[in-house]
Amino acid sequence: MDLSNYLLTGQPYYHPVGNEVALFEAAYAARLPMMLKGPTGCGKTRFIEHMAWRLGKPLITVACHEDMTASDLVGRFLLDAEGTVWHDGPLTLSVRHGAICYLDEIVEARQDTTVVIHPLTDDRRILPLEKKNELVRAHPDFQIVISYNPGYQSVIKDLKESTKQRFAALDFSYPEASIETEIVAHESGIAHEDAAVLVRIAGRTRNLKGHGLDEGASTRMLVQAGRLMSRSIPLREACEVAIVLPISDDPDMRRALTETIAACV
Ligand code: ADP
């Protein structure tokens, strides 16, 4: 089986915020199961893409959701002209052929789905395919990486303690202002001064977390505002479209955000 489709061809741009690159390289060398923790849009996916490229390993990404079943991960028998044929799911493909398997937003998946990864996260490194009556031993290059947003935590939607404790973790948060400015300018093509204003605005919105906002503006939102600006949309309008409207449905909060933006310009 050829996983070359899953190899990243160009270097994904990633600006480190600490020593996460060296830590991840060591974790990969030890094949530790890794958890990337942090709010949405702060660079977790970009980081794993960058690391897969650095390590020269294929990356298979699965966006987890609540209707996902264990079969969606491991595979199923499907009917075709020759009869029933087994099709490996993305997890099994990674395990068999040595990819990094990235399960994005793992808490979205039901707990009975997440337990299929348990035997892969200890020394056994095996994946039992019950329906096929097969035990797949992990390829030496295989690693499992999950992302997890602690902000969404609720009693029903949290990782089982027994799942959490199998992973080593890297904490991601929004980069410090000078780095975030660099990222926004690079990703959107706007001038540093303009990117700095967006980062200042984001800082204000992040202070509103828990005071009417579930989450402040993410780096992703700033990049999107920047991309509108690079197509000649004025800063305030770009922020309205890329930040204020998506982040809140409450008219008072929207007004407060618009005023905050006006004060930062
Ligand atoms: P997450 O997976 O945490 O939800 P992403 O990795 O998709 O977030 O990040 C959203 C966007 O923010 C990326 O597409 C990229 O443009 C930008 N970004 C965030 N952090 C970084 C970083 N450290 N280096 C480069 N780009 C970043």
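**View 1. The right-handed crossing of α7 and α8 in this predicted model****.** The crossing of α7 and α8 is right-handed, and the residues of this contact divide into seven nonpolar, three polar and one charged. The two helices, of which α8 comprises residues 192–207, pack at an angle of about 125° with their axes 8 Å apart, and α7 and α8 are therefore oblique to each other. From α7, Ala-177, Glu-180, Thr-181, Val-184 and Ala-185 take part, meeting His-192, Ala-195, Ala-196, Leu-198, Val-199 and Gly-203 in α8.

**View 2. The contact of α8 with α9****.** On the α8 side, Asp-194, Ala-195, Leu-198, Val-199 and Ala-202 meet Leu-222, Ala-225, Gly-226 and Met-229 of α9; by class, this contact has seven nonpolar residues, one polar and one charged. The helix axes come within 10 Å and cross at roughly 145°, and the crossing in which α8 passes α9 is right-handed.

**View 3. The shell of residues around the ligand****.** Gly-43, Lys-44, Thr-45, Arg-46 and Arg-220 come nearest among the 18 residues around the ligand, and by class the shell holds seven nonpolar, seven polar and four charged residues. At least two residues of the shell are supplied by each of α2 (44–55), α7 (177–188) and α9 (219–229).

**View 4. The ligand between the two domains****.** Because domain 1 (4–171) and domain 2 (177–264) both give residues to the shell around the ligand, the ligand lies between them.

Terms used: Residues are numbered from 1 along each chain as its sequence is written. This is a predicted model: local features need pLDDT of at least 70, side-chain atom pairs count only at pLDDT 80 or more; totals for chains, interfaces and linings use all residues. A residue is near a molecule or strand if its C-beta atom, placed from the backbone, lies within 6 Å of it. Helices (H or I, at least four residues) and strands (E, at least two) are DSSP runs, numbered from the N terminus. Ala, Val, Leu, Ile, Met, Phe, Trp, Tyr, Cys and Pro count as nonpolar, Asp, Glu, Lys and Arg as charged, and the others, Gly among them, as polar. Domain bounds come from an automatic or database domain assignment. Axes are lines fitted to C-alpha atoms, for helices over the stretch in contact, and angles run from 0 to 180 degrees between N-to-C directions. Angles under 35 degrees count as roughly parallel, over 145 as roughly antiparallel, 65 to 115 as roughly perpendicular and the rest as oblique. A crossing is left-handed if the near helix is turned anticlockwise from the far one by less than a right angle, and right-handed if clockwise. Two residues are in contact if their C-beta atoms, placed from the backbone, lie within 7 Å.
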